[in-house]
Amino acid sequence: MSDFFQHFGQTVAFIAITAVVIGSALAATFAKSIVHASFALFFTLLGMAGYYFLLGADFLGITQVIIYVGGILVLLLFGVLLTSRSLDQLQIRSRASYIAASAVGLAVLAMLWKAIIRGPWQHVTPVVPQQTTQSLGRLLLTDYLLAFEFSSVTLLAALIGAAYIVRRREK
Amino acid sequence: MAIGLEHYLVVGAVLFALGLVCCMARRTAIGILIGIELILNAANINLIAFDRFGTGRFDGQIFAVFVIILAACEAAIALAIIIGMFMNFGTIDTDVADKLEG
């Protein structure tokens with residue numbers, strides 16, 4: 001009985017999160033103004049964090065909220081506001097290019113749909129992971145140590161490069 | 001009906017298609033960046049779903065961590081390029097920046 005309720009709760013949560021994510025992603029793609037699109041992206045990213053919690057990846061859910069919602073989205077809004085002088089005459093492309101892009105998107109989606117439906121997925125009974133943070137930390141410092149260090153150097157290089165690109169140039 | 005792997009894969013596919021449409025149809029560089037973020041999130045949900053419904057060895061979650069790190073790098077660099085473009089051209093319309101066009 002409790003198993004049934006757990007499944008039911010998961011299904012309801014999945015449907016609710018999917019409604020939020022797909023709806024706001026549609027808004028982010030088709031909204032006229034770029035500010036509205038950025039705010040729609042906010043709800044998409046929060047919904048993704050909800051999916052991560054639903055999938056048992058609690059560390060990644062928190063990371064998603066901190067980095068995407070707290071960092072990347074704020075950067076994006078900074079970009080929107082700093083360049084807003086040019087935004088009012090720049091709404092969206094012509095309707096025709098939106099229709100063409102949507103046609104390509106639908107074609108890609110149909111292809112992926114076919115692959116997902118036909119795919120020979122092997123259904124393993126999922127083990128419920130307990131301590132994701134501990135296991136992730138152990139893996140990062142053992143099996144994936146080189147990639148971890150390399151990504152930290154990449155992040156440093158990217159931030160220095162970003163500051164260098166937008167520096168004030170002396171005439 | 002229990003939620004299985006395919007449901008998450010379909011959500012990822014829909015997000016990927018929407019991100020692709022956003023990249024192709026928007027004129028502003030920031031709109032293209034929004035599309036790229038949607039595509040990266042679509043990849044991430046696939047990775048985590050495969051991790052959850054796979055062996056449970058956390059490899060998928062590690063990959064997702066690296067995707068998030070690279071997304072942060074990419075957002076910082078892209079915003080720097082966008083602001084540099086705004087300083088040079090006075091606009092972030094991607095149709096204007098065609099100096100390298102042959």
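At 23% relative accessibility, B:Arg27 comes out as partly exposed (buried is under 20% relative accessible area, exposed over 50%, and partly exposed in between, with a 1.4 Å probe and protein chains only). This is a predicted model, in which local features need pLDDT of at least 70 and side-chain atom pairs count only at pLDDT 80 or more, while totals for chains, interfaces and linings use all residues. Residues are numbered from 1 along each chain as its sequence is written, chains are lettered from A and ligands numbered from 1 in the order in which they are written, and side-chain values use heavy atoms, with hydrogens and water left out.

What does B:Arg27 pair with? Its side chain meets that of B:Asp93 in a salt bridge, 2.4 Å from N to O (the rule asks for a side-chain nitrogen of Lys or Arg within 4 Å of a carboxyl oxygen of Asp or Glu). Side chains of opposite charge can pair when their charged atoms come close. The pair ties together distant parts of the chain: B:Arg27 lies in the loop between H1 and H2 of chain B, B:Asp93 in the segment after H3 of chain B, and 66 residues separate them. B:Asp93 counts as buried because its relative accessible area is 5%. A search of the whole structure turns up one salt bridge over all chains.

Turning to chain A, its secondary structure amounts to six helices and zero strands (helices are DSSP runs of H or I with at least four residues, strands runs of E with at least two, numbered from the N terminus). Along the sequence the pattern reads α-α-α-α-α-α. Of the 171 residues in chain A, 33% are buried. Among its contacts (heavy atoms within 4.5 Å) with a separation of 6 or more, 57% join residues 24 or more positions apart.

How many residues of chain A are in contact with chain B? The answer is 85, facing 74 residues of chain B. About 7000 Å² is buried between the two chains, with carbon and sulfur atoms giving 78% (buried area being the accessible area, 1.4 Å probe, that two parts lose on being put together, summed over both). On the chain A side, two or more residues come from each of H1 (2-30), H2 (34-54), H3 (58-82), H4 (95-118), H5 (132-141) and H6 (145-165). H1(A) gives the most, with 13 residues. Salt bridges between chain A and chain B number zero.

The largest nonpolar core has 63 residues, and A:Tyr51, A:Leu60, A:Leu76, B:Tyr8, B:Leu15 and B:Ile34 touch the most other members (such a core is a set of buried Ala, Val, Leu, Ile, Met, Phe, Trp, Tyr and Cys residues joined through side-chain atoms within 4.5 Å). H1, H2, H3 and H5 of chain A, along with H1 (5-25), H2 (29-52) and H3 (59-89) of chain B, each supply at least two of its residues. H3(B) has the largest share, twelve residues.

Two residues of chain A give a local view. A:Thr83 sits in the loop between H3 and H4 of chain A and, at 0% relative accessibility, is buried. Leaving out residues up to four places away in sequence, A:Thr83 touches B:Ile30, B:Ile82, B:Phe86 and B:Ile92. A:Leu140, in H5 of chain A, is also buried, at 13% relative accessibility. With the sequence neighbours up to four places away again left out, A:Leu140 touches A:Leu145, A:Phe148, B:Ile62 and B:Phe66.
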